[in-house]
Amino acid sequence: MITSQQMRAARALLGLDQRQLAALAGLSLPTIQRMESCDGQVRGVVDTLVKVITALEGAGIELLGENAPSTGVGRGVRLRETTAGKSGGQGQSLLYDKAEEPVR
């Protein structure tokens, strides 16, 4: 459904701290802290997960599943994974809106 990494990234994009996300989702701060502290897929009560996802989506976040295309418009961020399933730290990057190099 959602990973702890997606939750943290979504909060960062929105400029929210954990307390603000908890209020937005109608949950307690310790619940958000617990959800974000797990590694990978967030596990918990389905209703709690739905509250977080609904709050994030309502604030403008588009959550993307693995290999899912984006249906929205605008800028976004996606973590590239290697064939081994680990995050791909250094790698090739396409830079959009890159200023043209000056002619010498």
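Guide: Lys51 and Asp47 stand four residues apart in helix 4, which places them about one helical turn from each other. Helices here are DSSP runs of H or I with at least four residues, strands are runs of E with at least two, and both are numbered from the N terminus. The model is predicted, so local features need pLDDT of at least 70 and side-chain atom pairs count only at pLDDT 80 or more, while totals for chains, interfaces and linings use all residues. Residues are numbered from 1 along each chain as its sequence is written, and side-chain values use heavy atoms, with hydrogens and water left out.

An α-helix has 3.6 residues a turn, so residues three or four places apart point the same way. The side chains of Lys51 and Asp47 form a salt bridge at 3.8 Å, N to O; the term requires a side-chain nitrogen of Lys or Arg within 4 Å of a carboxyl oxygen of Asp or Glu. Lys51 is partly exposed, with a relative accessible area of 34%, and Asp47 is also partly exposed, at 47%. On this scale, buried means under 20% relative accessible area, exposed over 50%, and partly exposed in between, with a 1.4 Å probe and protein chains only.

By the salt-bridge rule, the count comes to two. The other pair joins the side chains of Glu36 and Arg11, at 2.6 Å, N to O. Glu36 belongs to helix 3 and Arg11 to helix 1, so this pair ties together parts 25 residues apart in sequence. Glu36 and Arg11 are both buried.

The protein has four helices and zero strands, in the order α-α-α-α along the sequence. In helix 3, residues 29–37, the buried residues are Leu29, Thr31, Ile32, Met35 and Glu36. They span an arc of only 160° around the axis, which puts them on the same side of helix 3; the arc is taken from the directions from the helix axis to the C-beta atoms. These buried residues pack against helix 1 (4–14), helix 2 (18–25) and helix 4 (46–58). On the face turned away from the buried side, helix 3 carries the exposed residues Pro30 and Ser37.

The largest nonpolar core has 16 residues, and those touching the most other members are Ile2, Met7, Ile32, Met35, Val42, Val52 and Leu56. Helix 1, helix 2, helix 3 and helix 4 each supply at least two residues of this core, and helix 4 gives the largest share, five residues. Such a core is a set of buried Ala, Val, Leu, Ile, Met, Phe, Trp, Tyr and Cys residues joined through side-chain atoms within 4.5 Å. Leaving aside neighbours within four places in sequence, Met7 is in contact with residues including Ile32, Met35 and Val52, where contact means heavy atoms within 4.5 Å.

Val46 and Val50 make a nonpolar surface patch of about 290 Å² together with Met1, which is found in the segment before helix 1. Met1 is exposed, with a relative accessible area of 57%. Patches consist of residues with over 30% relative accessible area and no salt bridge, like charges being joined within 9 Å and nonpolar side chains (Val, Leu, Ile, Met, Phe, Trp, Tyr) within 5 Å.

Conventions: Areas by Shrake-Rupley, 256 points an atom, 1.4 Å probe, with all protein chains shown as cover.
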